[in-house]
Amino acid sequence: MATAAIFSSLRRRRSPSLEAFLAPVDLTDVALVQTLAMISNDLVSKFSDKCFNFQRKNARSLIRKIEVFLVLLDYLKDSTSTTKATSASSSSSASSTLPSTALLCFKELYLLLYRSKILLHYCAKSSKLWLLLQNHSISGHFHDLNQEISTLLDVFPLKDVVELSDDVREQVELLQRQARRSRLFIDKNDDSLRIRFFNFLDVFEKGEVPNSEELRSFFVGSLGIRDAKSCRVEVEFLEEQIVNHEGDVEPTVSVLNGFVALTRYCRFLLFGFEEDEVGLGFGCLRRPRKGLITQEIADTFITVPKDFCCPISLDLMRDPVIISTGQTYERSSIARWMEEGHCNCPKTGQMLVHNRLVPNRALRSLIMQWCIAHGVTLDPPETMDVSTEGFAAAAPTRAALEANRATAAILIQQLANGPEGGMTVAAREIRLLAKTGKENRAFIAEAGAIPHLRKLLLSVNPVAQENSVTAMLNLSIYDKNKSRIMDEEGCLGSIVEVLRFGHTTEARENAAATLFSLSAVHDYKKRIADEGGAVEALAGLLRDGTPRGKKDAVTALFNLSTHTDNCVRMIEAGAVTALVGALGNEGVAEEAAGALALIVRQPVGAEAVGKEEMAVAGLIAMMRCGTPRGKENAVAALLELCRSGGTAATERVVKSPMLAGLLQTLLFTGTKRARRKAASLARVFQRCENAALHFGGLGVGYAFASNSAAANRDSSFAGDVSVPMSISVPVL
């Protein structure tokens, strides 16, 4: 927003950039005066009758000064135009009729007028609460402009401008004297309101709740915020300031979060659950998620910038570090890479000079800002010293937590006893609260939200259903809430019902993401798979869903496949067919290959995969074009298929074209796991009667790999399949 950017430069009391203001350099004196007169007239006409909620005296004083400039400019415009016309008719020289110093002053006035316009517009259009919080700062902006006007008038060669009449000259001289006497003015009434606003926050900081009548007097009586819509506008404006916050601006992000929480609490305490267009008029994920996010990102779920993702795990980095080659990775991922014995950079292949990991604080700061802007919760790694890192800047204060706790109590009461429209609004607000940190997720669940959200999962209202399942997803991210959801009678079944028959695509996708989140607990994987229709619905979403839906489904299926007792259930539900089909989809192929590698470890799974015509071809294609992890999973799946699928399956793999060359490539260039699996697969082929014909060219590569490869079959899950288990669950 250009206005905000320019006002930001004013706030920091720096000269405006050329991009923000460009003084005219090629205008004649007549054109310059006419332009200034037009700008001044526009300012006076637009703001002279404007009702300012705050900064009234400062704004009126500035407008009166501009009115005097307008009188001066109008007079000069008429006189210079007459002079030019006379000069032209007499064919004399068209030299400037104004002194050069006056022209320089008018060019400076051009900048001052535009800065005045921006400041007045800012005061007229900003939220009331934000103007209150910035009362001292904005008063300083007005004072800065007054001082610059005074300086300009001191320099302006009034005596040399002979065209002025006496009354105009007297008005300018009076303005000059007044500007010299101007002092910083802070309205006492405005400042007392600002102090009251901070006092309410202090009450929450003490663990208490402010008096409701005092809040009503402040918001309704003093500020004129009289309905839910106006209060919501105030909340959204404050959230926008958090997104655009700069480090040198008061209040801090943490304090602003407290004011957002306080204002949201008052929205429901004072105005209830009015069914405005936000409550019922949009799907919960089709509105721009600003805090939070732009429409483009809202329309495509959340697209994480590529530079923010770890090249190894492909997840959003929480603790980015730089290695000796200059590449950045997530600390846990690159540390695991090094622990496995790798001495090269995963991305470039360069040998590592040393194993030191240097924190990339600049990138971490950018990731934090992006997360705040898009409503993504990014808890700091446990190993990070949050007292010294930027994550602490956005840490919730006690005031924010207590205000959110009070808000949650009102929302849950509405979920329990309110009408359908009010319950829909309450579910939406719980969804928003549940994405702002583990503390909020904890006390929302502790207050009893989950049983009421469960009932709303089966609502015939698409918006209510979408809000409730997304709220359940956000709550499930907190580990202790997983057991609360699974222990709630009928809750798992209701989530599966949304997955199968949800009213909207968003609702079905978020139900799949919820199952993925819950399946992170090993004991729940069997329960989820045994829930009627769950695996079938995930398989269907993997086949026919949107890119985001496919991702939710394949990650959930991968988690379920890690439990050996789920193999038969997944085969019966058609998950194997869906996973084989997903091998050709770049966005989900890696996880699909990983799930298949686990399924084929059992003879019944190997038989099912072997019956799929495209299974072997799909895995071979992954070995050729997949990611490093994808290649690992593909060769692991083929190896397990040979081991568990019998002679027929082995023969199908052996006869696959290009396999010899791909194995040789993996033996030399693959990751440690991929090399180990490729070597084991080569040994399996040597025992086949066609090994000499099909793999005679493997000699050197095989010998090289066999020196460092383990010959025995790995018994651990991690050794067979390489898929990041820390796949981020987005908060919505």
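Buried means under 20% relative accessible area, exposed over 50%, and partly exposed in between, with a 1.4 Å probe and protein chains only. I looked up D202 with these cut-offs: at 39% relative accessibility, D202 counts as partly exposed.

**Ground rules.** I am reading a predicted model, in which local features need pLDDT of at least 70, side-chain atom pairs count only at pLDDT 80 or more, and totals for chains, interfaces and linings use all residues. Residues are numbered from 1 along each chain as its sequence is written, and side-chain values use heavy atoms, with hydrogens and water left out.

**Whole chain.** I found 37 helices and three strands in the protein chain. Helices (H or I, at least four residues) and strands (E, at least two) are DSSP runs, numbered from the N terminus. Of the 732 residues in the protein chain, 55% are buried. I then looked at contacts, meaning heavy atoms within 4.5 Å. Among contacts with a separation of 6 or more, 73% are between residues 24 or more positions apart.

**D202 again.** I placed D202 in helix 8 (residues 188-205). G258 is 56 residues away from D202 in sequence, yet their C-alpha atoms are 9.8 Å apart in space.

**Q55.** I found Q55 in the loop between helix 2 (29-47) and helix 3 (56-89). Q55 is buried, as its relative accessible area is 3%. I noted a positive phi of about 60° for Q55, which is not a glycine. Most residues other than glycine have a negative phi.

**Helix 19.** How many of the nine residues of helix 19 (residues 449-457) are buried? I counted seven, so helix 19 is mostly covered. The buried residues are A449, I450, H452, L453, R454, L456 and L457. They pack against helix 16 (398-417), helix 17 (420-433), helix 18 (438-446), helix 20, helix 21 (479-487) and helix 22.

**Helix 19 with helix 20.** I read an angle of about 140° between these helices, with their axes 8 Å apart. Helix 19 is therefore oblique to helix 20. Axes are lines fitted to C-alpha atoms, for helices over the stretch in contact, and angles run from 0 to 180 degrees between N-to-C directions. Angles under 35 degrees count as roughly parallel, over 145 as roughly antiparallel, 65 to 115 as roughly perpendicular and the rest as oblique. From helix 19, I450, L453, R454, L456 and L457 meet A464, Q465, S468, V469, A471, M472 and L475 of helix 20. I sorted this contact by class into nine nonpolar, two polar and one charged residues. Ala, Val, Leu, Ile, Met, Phe, Trp, Tyr, Cys and Pro count as nonpolar, Asp, Glu, Lys and Arg as charged, and the others, Gly among them, as polar.

**N474.** I placed N474 in helix 20 (residues 462-476). N474 is buried, with 0% relative accessible area. A polar atom of the N474 side chain lies 3.2 Å from the backbone oxygen of R431.

**Helix 22 with helix 23.** At what angle do the axes of helix 22 (residues 491-501) and helix 23 (residues 505-518) cross? I read roughly 140°, and the axes come within 7 Å. Helix 22 is therefore oblique to helix 23. On the helix 22 side I listed L492, I495, V496, V498, L499 and R500, which meet A507, R508, A511, A512, T514, L515 and L518 of helix 23. The residues of this contact divide into ten nonpolar, one polar and two charged.

Methods:
Polar contact = N/O pair within 3.5 Å; in protein donor to acceptor, adjacent residues only side chain to side chain.
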